[in-house]
Amino acid sequence: MTGAQPVPDVVGPGLDVLFCGINPSLRSAETGHHFARPGNRFWPALHLAGLTPRRLAPDEDAELLRYGLGVTNLVARPTRTAAELSREELRAGGEVLAALVAQHRPRVLAVLGVTAWRWAFERPRAVLGLQPERIGGVDTWVAPNPSGLNAHHQLPDLARLYGELRPDRG
């Protein structure tokens, strides 16, 4: 989110939801687009949740702004898996994220990954859903990580949970 970013933030004024991934995959860093790794379920989940009118491709990530959506990462450093990140990197990323959110003031921040949330914001018992604390002054949700490596939630689960973020549901 600061310095040399291999995958630029997609942010702007008036966002309904700012999605925050954990960090870019190596594929995302290579392409410069969010959630570009084959098997990642972010794009189909957004569409199935009713947040986009069609399934976007990773190279269309800038189109999210047309639908009131944005995307960033907690940590800018690309890795093969998020498990390679240190708690310190996640905590530092949380501070930068809070500043970004305070600047752009989306309606909702959606952090995609409960373990990353727990470490970044020192909330060891946090669960999915609306959080009691607001980050950057906005409502904050924790939703499942859409990585194909996350076997805990399948695409229908992701779509249902992401759908709870729609403005007409709040």
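**Entry 1: Ser 25**

I looked up Ser 25 and got 14% relative accessibility, so Ser 25 counts as buried. Buried means under 20% relative accessible area, exposed means over 50%, and partly exposed lies in between, with a 1.4 Å probe and protein chains only. I must note that this is a predicted model: local features need pLDDT of at least 70, side-chain atom pairs count only at pLDDT 80 or more, and totals for chains, interfaces and linings use all residues. Residues are numbered from 1 along each chain as its sequence is written, and side-chain values use heavy atoms, with hydrogens and water left out.

Where does Ser 25 sit? I found Ser 25 in the loop between strand 1 and helix 1 (26–31). Helices (H or I, at least four residues) and strands (E, at least two) are DSSP runs, numbered from the N terminus. I then set aside the neighbours of Ser 25 within four places in sequence. Ser 25 is in contact with Arg 37, Pro 78 and Thr 79. Contact means heavy atoms within 4.5 Å.

**Entry 2: the sheet**

Two strands pair if DSSP finds at least two bridges between them.

How many bridges join strand 3 to strand 5? I read five, between residues 108–112 and residues 139–143, and the two strands run parallel. Val 108 stands opposite Asp 139 in strand 5.

**Entry 3: the rings**

I listed five aromatic pairs in the structure. Rings of Phe, Tyr and Trp (its six-membered ring) pair if their centres lie within 6.5 Å; planes under 30 degrees apart count as stacked, over 60 as edge-to-face and the rest as tilted. Phe 19 and Tyr 162 have ring centres 5.8 Å apart and planes at 50°, so this pair is tilted. The pair links distant parts of the chain, 143 residues apart. Phe 19 is in strand 1 (residues 17–21), and Tyr 162 is in helix 5 (residues 155–163). Phe 19 is buried at 0% relative accessible area. Tyr 162 is buried at 0% too.

Next I took Phe 42 and Trp 43. Their ring centres are 5.0 Å apart and their planes stand at 80°, so the pair is edge-to-face. Phe 42 and Trp 43 are both buried. Ring pairs link Phe 19, Phe 35, Phe 42, Trp 43 and Tyr 162 into a cluster.

**Entry 4: helix 5**

Which residues of helix 5 are buried? I noted Leu 158, Ala 159, Leu 161, Tyr 162 and Gly 163. The buried residues of helix 5 pack against strand 1, helix 2 (42–48), strand 3 and strand 5.
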